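Thanks for coming. I will go through one structure today, and I would like you to follow along on the screen.

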Amino acid sequence: MTNAQREQGISKTLQDLPEPEIGRTLGQLDMLKGVRVGDDGTVHVAIELPTPAYPGRERITMAVEQKLQSAHLLNGSRLDVAFSATVRGKNAGGTLGLRIANIIAVGSGKGGVGKSTIAACLAYGLQHFGARTGLMDADVYGPSIPHLLGVAQAKPAAFEQRTPTGEALTRIEPVNAGGIKTISMGFFINPDQAVVWRGPLLHRAITQFLKDTDWGELDYLVIDLPPGTGDVALTLSQSVGLAGAVVVCTPQQVALLDAVKAISMYRQVKIPILGMVENMSGEIFGRGGTRHKAQELGVPFLGEIPIEADIRIKGDEGKTAALFNEGSPARPHLLAMCQQTSLEIARQLLESPSMPTLEIL
Ligand SMILES: Nc1ncnc2c1ncn2[C@@H]1O[C@H](COP(=O)(O)OP(=O)(O)OP(=O)(O)O)[C@@H](O)[C@H]1O
Ligand SMILES: [Mg+2]
């Protein structure tokens with residue numbers, strides 16, 4: 001058998017190998033990027049992961065080895081599996097001129113359950129794995145992202161850009177908070193100023209944040225939604241094709257009921273549900289209620305974040321990023337939540353690669 005024939009045989013066999021996290025074959029996920037048999041007989045397999053936050057590299061390597069062994073395609077040769085990651089997404093902000101693969105909304109039915117904290121942690125966690133990430137604060141009434149990220153005093157710069165047709169556009173430079181590009185109404189108002197928005201103005205503010213901010217190319221843009229009504233969710237669903245919504249709730253029954261309402265509201269405005277996160281899980285409020293509810297509602301469960309004084313303290317100090325430092329007790333829980341969220345995005349993308357968006361601007 002020539003090397004070329006052997007490479008072809010290996011390729012064909014591996015296309016049918018089930019990938020352990022998403023549960024599809026490497027072929028279905030288009031993850032197999034190359035097979036080469038080296039001069040010394042080593043079998044080199046190149047695999048492209050759908051997200052850098054992919055948790056199962058070793059498991060893929062083991063599955064590849066087993067599959068090739070049992071198909072008698074390795075014959076004692078050395079196996080070298082190399083990984084790369086390319087985030088795929090709906091790129092659904094194209095009509096707004098955005099180059100963002102995936103837009104994730106973080107919401108809840110109830111206030112104070114930790115939406116903003118979870119949104120900030122999703123952004124930092126996805127960045128931790130190597131993704132290019134942004135965070136948009138869509139809570140124009142009570143913006144808390146600047147404070148959580150320690151950039152409350154920042155003032156984003158505005159600059160002018162010419163379109164190819166010579167038209168002048170005002171763009172906003174997002175604030176860089178430890179590598180996260182972020183924008184918030186908090187940068188434009190006094191902290192003690194109350195903001196009253198009517199529906200159309202709110203719609204305009206949100207779409208302007210999306211399209212006037214110079215986000216550049218991003219793998220993930222996380223959007224922190226305000227609590228309660230669906231105005232902002234509706235605006236988003238009409239202007240971009242969201243990857244989906246992460247619904248945050250606490251273990252208390254009342255928060256769970258609110259989460260159910262939130263999920264039904266997102267479904268009404270056709271925002272896909274990525275899953276539910278249980279925040280403040282632990283002794284006081286109990287735990288596990290969200291996992292149970294998610295199962296009942298048929299939506300994915302994305303993880304449990306314990307109630308932890310450190311999370312509140314770091315948030316108060318504007319050091320949310322420090323929750324990802326080695327030794328931080330919240331770190332493993334937060335990283336697992338980010339991994340599950342990015343896997344769910346990849347899984348759902350496979351089911352509906354593109355969603356039509358309604359252009360109403
Ligand atoms: N897992 C946790 N453990 C301890 N404290 C937490 C946890 N998650 C959030 N908090 C704290 O709870 C408070 C509320 O969190 P956060 O502001 O993120 O909630 P929210 O849902 O965005 O609120 P709002 O509805 O007002 O926007 C903050 O002080 C935050 O630090
Ligand atoms: Mg908030």
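This is a predicted model: local features need pLDDT of at least 70, side-chain atom pairs count only at pLDDT 80 or more; totals for chains, interfaces and linings use all residues.

Residues are numbered from 1 along each chain as its sequence is written, chains are lettered from A and ligands numbered from 1 in the order in which they are written, and side-chain values use heavy atoms, with hydrogens and water left out.

Two strands pair if DSSP finds at least two bridges between them.

Let us begin with the open sheet. Three strands make it up, in the order E1-E2-E3, with mixed pairing. Strand E1 (32–37) and strand E3 (79–85) are at the edges; each has a single partner strand, so one side of each has no neighbour in the sheet. From one strand to the next, the twist averages 15°. Axes here are lines fitted to C-alpha atoms, for helices over the stretch in contact, and angles run from 0 to 180 degrees between N-to-C directions.

Which way does E1 run against strand E2? The two pair in the antiparallel sense, over 5 bridges, with E2 covering residues 43–49. Leu-32 stands opposite Ile-47 in E2. The hairpin of E1 and E2 has 5 residues between the strands, and there Gly-41 takes a positive phi near 90°.

On to the other pairing of E2. E2 and E3 run parallel and are joined by 7 bridges. Val-45 has Val-81 in E3 as its bridge partner. Between E2 and E3 the chain crosses through H2, and this β-α-β crossover is right-handed. Right-handed means that, with the strands pointing away from the viewer, the path from the first strand over the helix to the second runs clockwise.

How much of E2 is buried? The count is 5 of the 7 residues, so E2 is largely enclosed by the rest of the structure. Buried is under 20% relative accessible area, exposed is over 50%, and partly exposed is in between, with a 1.4 Å probe and protein chains only.

H2 comes up again in helix packing. Helix H1 (residues 3–15) packs against helix H2 (residues 57–70) at an angle of about 120°, and their axes are 10 Å apart. That makes H1 oblique to H2; the scheme is under 35 degrees for roughly parallel, over 145 for roughly antiparallel, 65 to 115 for roughly perpendicular and oblique for the rest.

E11 pairs with strand E4 (residues 99–107) in the parallel sense over 4 bridges, and Gly-107 stands opposite Val-247. E11 also pairs with strand E12 (residues 273–281), again in the parallel sense, over 5 bridges. There, Val-246 stands opposite Gly-275. The chain gets from E11 to E12 through helix H7 (residues 253–268), in a right-handed β-α-β crossover.

Now the rings. The whole structure holds 1 aromatic pair. Phe-188 and Phe-209 form it, 6.0 Å centre to centre with 35° between the planes, which is tilted. The cut-offs are centres within 6.5 Å for rings of Phe, Tyr and Trp (its six-membered ring), with planes under 30 degrees apart stacked, over 60 edge-to-face and the rest tilted. Phe-188 is in the loop between strand E9 (180–184) and helix H5 (199–212), and Phe-209 is in H5, 21 residues apart. Phe-188 is partly exposed at 41% relative accessibility, whereas Phe-209 is buried at 5%.

Last, the backbone angles. Most residues other than glycine have a negative phi. Lys-270 is not a glycine, yet its phi is positive, about 65°. Lys-270 is in the loop between H7 and E12, and is exposed at 65% relative accessible area. Met-280 also has a positive phi, near 60°. Met-280 is in strand E12 and is partly exposed at 22%.
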